[in-house]
Structures are given as structure tokens and as C-alpha cells.
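Open the model in your viewer and follow along, one selection at a time.

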Amino acid sequence: MTTNAPLIHGRIDRYLARFDNGLAGMPTADRDDILLEIRTHILDSFSGTDDEAVLQRVLSSLGEPEQLAKHYRTEFLLAHAGRSFSPWTLLRTSWQWAKTGAKGLGVFFLAMLGYSAGLALTATVILKPFYGSRVGLWLGNRSLHFGMGNFQALSLPGPGGAQRELLGDWYIPVTTALAFAVVVGTTQALRSLMRRRIADRPRSVARVPVSQ
């Protein structure tokens, strides 16, 4: 063993220790597998040489250990969320994905739009028994919308003012079904996008750039 070996392996151990700290919160078994993968990649790339310049190139190609850990945490969350039906899990994961680039940001906006629409529709269903004729699907000369009608417009006759409620007693069942469809559709779209992201990106860091 050469005299440089202890220093080199010390650098590797310090890099892996920072990387391990960055994986905090992940299941122990997954952390151990990822640590083994990164250690193996470093040692294989290093090829047993004691040249510190070679080690520096290997570690530089991986990037800062905290950023590498963030990449793996995001990939883990995406793989988990792609199998989940929980809107909260999908929303939280899409937020993490949004931090990595434009595509993730677009997926997060899709999640926010879909789940917000489902929540808003559900809120009108809850309000309907208490506010009766004030809540519905309203048709006016220039608009069609769910929720509270324009009370002033409802009371004013003439063009451009009156609004008409379209669903009547069917409002609750129709809007409940629509809210359910919006939430389920959003959930399925997010699951599909996350599964596709994982399928398109090989997990091994030896083949995948760390940058998003």
C-alpha cells in the first residue's frame, strides 16, 4: 500500500459521510444501498491508483455530496410517489421536483391547479345546504362558473345583469362527481409523469448526470 492511500481513503470517507448526512430521512436500507453504490462507483473509477488528481476528478464529476444526496432523495420520492394515490404525497413530491428545474415546476403547478380546483368544488358542495339558491352553477351573459352567484346581478333585470342557475337539485351530486373526477384525474396524471421520469432516468449515478 502506498503512502498516499490513507489520505485518499480518508477523503473518500469524508465525502461519503457528508453524502450520508444528506440522505437523512430516507429508510436505512435504501441509504445503505445508495452509499454502497456511490462507494463502488468511486472505487471503480479510481481503479486502485494513488493519484490524488484522479480522485479529485472522480469526486468533481459527482458534484458536492449534499447536491448528490438531494438528487437521490428526489429520485426516491418520485419512485415512491409514482406508486401512491395520496394527493398530499404527490403534492409534496411535486414541490421537491419543482426545486430541480422547469419541468418539475410545471408538474407542481399542475398539482396545485388540479387539487385546488377539486378542493374549491368540494367547498361549494359543503356550502350548498346552508346557502341554498345562492350556490350553484351560474350562467350569465359573459360567464359560466361554480359557487356563489353575483347577488347584485341576480337582482337586476335587463341585459348583462341576470344570472341563471343551471343545476338546481342536481348541483350536489353533479359537483361532487366533478370534484372527484378532477382529483382522480390530477392524481393519475401526476403518478404517470413521475413514473415516466423515473423510467427515463437510470438510477445509477455512473450513468446519470447529477445536474437536473
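Colour the chain by secondary structure and read along the sequence: the pattern is α-α-α-α-α-α-β-β-α-β-α. That makes 8 helices and 3 strands, where helices (H or I, at least four residues) and strands (E, at least two) are DSSP runs numbered from the N terminus. This is a predicted model, in which local features need pLDDT of at least 70 and side-chain atom pairs count only at pLDDT 80 or more, while totals for chains, interfaces and linings use all residues. Residues are numbered from 1 along each chain as its sequence is written, and side-chain values use heavy atoms, with hydrogens and water left out.

Staying with the whole protein, 36% of its 212 residues count as buried (under 20% relative accessible area, with a 1.4 Å probe and protein chains only). Among contacts (heavy atoms within 4.5 Å) with a separation of 6 or more, 61% join residues 24 or more positions apart.

Next, select H1 (residues 5-22) and H4 (residues 65-81). Their axes, which are lines fitted to C-alpha atoms over the stretch in contact, come within 8 Å and cross at roughly 40 degrees. Show side chains here: Tyr15, Arg18, Phe19 and Gly22 in H1 meet Pro65, Glu66, Leu68, Ala69, Tyr72 and Arg73 in H4.

What does Ile42 contact, beyond its neighbours within four places in sequence? The partners are Ile12, Tyr15, Leu16, Leu55, Val58, Leu59 and Leu62.

Finish with H5 (residues 87-98) and H8 (residues 171-200), whose axes come within 10 Å and cross at roughly 45 degrees. H5 and H8 are therefore oblique to each other. On the H5 side, select Pro87, Leu90, Thr93, Ser94 and Trp97; on the H8 side, Val183, Thr187, Leu190, Arg191, Leu193, Met194 and Arg197 make the contact.

Technical notes. Axes fitted to C-alpha atoms, helices over the stretch in contact; angles between N-to-C directions. Buried < 20%, exposed > 50% of the residue type's maximum accessible area, 1.4 Å probe, protein only. Parallel < 35°, antiparallel > 145°, perpendicular 65-115°, else oblique.
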